[in-house]
Amino acid sequence: MNLVVLAEDVDSIALKNVAKLTGASEIQQITPRSFRLVGARDHAELAATCSAGGLDHAWLPEGWRLADFGLFVTDMDSTLINIECIDEIADMQGLKAEVAAITEAAMQGEIDFRESLTRRVALLGGLPERALEDVYTQRLQLNPGAERLMQGLRRAGIRSVLVSGGFTYFTERLKARLGFDHAFANELEVIDGHLTGRVIGAIVDGEAKAAHLVRIRDSLGLAPHQVIAAGDGANDIPMMNAAGFGIAFHPKPVLRAVADCSLDHSGLDGVLDLFG
């Protein structure tokens with residue numbers, strides 16, 4: 001296993017500190033924003049030292065390259081984009097604080113996601129459908145590196161899936177905008193131009209996310225180790241466990257504990273810099 005460190009702007013002193021701490025025999029540049037520390041050994045202070053130096057890090061098998069993967073699956077809210085869409089929709093009702101508290105509890109793994117979604121969506125009943133467009137056009141932004149990541153995945157021939165506990169209104173637009181091959185999310189019921197406070201069909205929760213990953217992976221004839229999954233919260237754990245490599249983007253502690261790499265200092269395109 002080789003240690004790879006990366007950041008938007010790698011500080012040479014911080015890089016050398018990590019190399020010294022881990023006893024690396026050589027520092028090899030992978031991209032302008034990532035470096036391989038050959039012969040590095042794990043150390044109890046590795047995470048803290050990287051964090052202090054503004055570096056992200058991951059342990060990768062020898063010779064692993066982006067071309068070794070065939071599928072990338074990512075969450076939407078707070079991973080691909082900068083907001084939790086349901087919280088911003090609720091803000092249109094003056095209920096953001098109440099809904100955001102439920103969202104946070106679900107992302108931390110403190111309450112069941114299905115229960116949390118049902119409770120939150122119910123609070124949206126009566127809201128004009130145009131509020132969804134307002135959120136998309138006025139509040140939603142891609143997280144740093146999203147476009148470069150998708151371009152790099154396409155160049156490498158890697159299929160992509162956007163799977164979310166959020167809503168199809170947003171996933172379908174982002175699918176078209178960024179070129180995802182597939183997108184799955186919850187569908188809000190709308191009658192006479194207003195949200196009813198209900199979801200149509202089965203709820204897309206953490207287990208459903210993992211099921212979509214496995215189904216598409218198998219349809220492509222890929223092995224688990226050929227899949228990258230990215231997310232930020234508790235309901236991303238099942239799909240991360242089903243993938244060969246898990247990326248946690250500015251994650252909640254519960255997801256950080258199971259991810260192979262946490263991106264706290266890099267954009268989403270750090271995925272490309274990891275593998276070169």
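Select strand 9 (residues 227-231), helix 10 (residues 237-242) and strand 10 together, and you have a right-handed β-α-β unit, where right-handed means that, with the strands pointing away from the viewer, the path from the first strand over the helix to the second runs clockwise. Helices (H or I, at least four residues) and strands (E, at least two) are DSSP runs, numbered from the N terminus. The model is predicted, local features need pLDDT of at least 70 and side-chain atom pairs count only at pLDDT 80 or more, whereas totals for chains, interfaces and linings use all residues. Residues are numbered from 1 along each chain as its sequence is written, and side-chain values use heavy atoms, with hydrogens and water left out.

Keep strand 10 (residues 245-249) selected: five of its five residues are buried, so the strand is largely enclosed by the rest of the structure; buried here means under 20% relative accessible area, exposed over 50%, and partly exposed in between (1.4 Å probe, protein chains only). In a regular strand the side chains alternate between the two faces of the sheet. Colour Phe 245, Ile 247 and Phe 249, which point one way from strand 10, and then Gly 246 and Ala 248, which point the other way.

Next, show the neighbouring strands, bearing in mind that two strands pair if DSSP finds at least two bridges between them. Strand 9 pairs with strand 10 in the parallel sense over four bridges, and Ala 229 stands opposite Gly 246. Strand 11 (residues 261-263) also pairs with strand 10 in the parallel sense, over three bridges, with Ser 262 in strand 11 as the bridge partner of Ala 248.

Now move to Lys 209 in helix 9 (residues 206-219), which is buried, with a relative accessible area of 0%. Leaving aside residues up to four places away in sequence, Lys 209 touches Asp 75, Val 163, Ser 164, Gly 165, Val 204, Asn 235, Asp 236 and Met 239, contact being heavy atoms within 4.5 Å.

Finally, zoom out and colour domain 1 (1-63) and domain 2 (65-275) separately, with bounds that come from an automatic or database domain assignment. Between these domains about 1300 Å² is buried, 47% of it from carbon and sulfur atoms, where buried area is the accessible area (1.4 Å probe) that two parts lose on being put together, summed over both. Leu 6, Arg 33 and Asp 56 supply 35% of the area that domain 1 buries against domain 2, more than any other three residues. Select Arg 33 with Asp 273 to see their side chains meet in a salt bridge (3.1 Å, N to O), defined as a side-chain nitrogen of Lys or Arg within 4 Å of a carboxyl oxygen of Asp or Glu.
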